[in-house]
Amino acid sequence: MDMSSIGKNIRKKRLSKSWKQEILASKVEVTAAYIGMIERAEKIPKLETLVRIINVLGATADEILEGVINRGYEVRMSEYMEKIGRLPKEEQNRIFDILDVMLEHRGRNQL
């Protein structure tokens, strides 16, 4: 099982808050070096530490475990739908048209 996505997702969430590793480390009460090792997938945090990281980041377990758990794609889809929902209707329709073409093309290739 590839656990590297945990660190990538933590980094992504941390950067979305414009936090340096030192800020997250301070709030989680670990070292910045340890946060760096987690983000580079050199270390996997203990459950207690992972829960503290998730809570400090204001994230959900699904967001951080996306790519590791089987249902992680649902988080990604909900993020896409939220972003698409903020676009003007014309742009939304354009995106859905592109998806329709891609899915139709994919269906033909599997015949």
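**Note on the predicted model**

1. In this predicted model, the count of aromatic pairs comes to zero.

2. As to secondary structure, the protein chain is made up of seven helices and has zero strands, and when it is read along the sequence the order of elements is α-α-α-α-α-α-α.

3. Helix α2, which covers residues 21-28, packs with helix α3, which covers residues 32-39, at an angle of about 110°, and the two axes are 8 Å apart. Because angles from 65 to 115 degrees count as roughly perpendicular, α2 is to be described as roughly perpendicular to α3. On the α2 side the contact is made by Q21, E22, L24 and A25, while α3 contributes A32, I35, G36 and E39. By residue class, the contact of α2 with α3 is made up of four nonpolar, two polar and two charged residues.

4. On overall dimensions, the protein chain has a radius of gyration of 18 Å, whereas a compact globule of 111 residues would have a value near 13 Å. The C-alpha trace of the protein chain, taken along its principal axes, spans about 50 × 35 × 20 Å.

Key
Residues numbered from 1 in each chain as written. Predicted model: local features only at pLDDT ≥ 70, side-chain atom pairs only at ≥ 80, totals over all residues. Heavy atoms only, no water. Phe/Tyr/Trp six-rings, centres within 6.5 Å; stacked < 30°, edge-to-face > 60°. Axes fitted to C-alpha atoms, helices over the stretch in contact; angles between N-to-C directions. Helix = DSSP H or I, 4+ residues; strand = E, 2+ residues; numbered from the N terminus. Parallel < 35°, antiparallel > 145°, perpendicular 65-115°, else oblique. Contact = heavy atoms within 4.5 Å. Nonpolar A, V, L, I, M, F, W, Y, C, P; charged D, E, K, R; others polar. Rg over C-alpha atoms; globule rule 2.2 N^0.38 Å.
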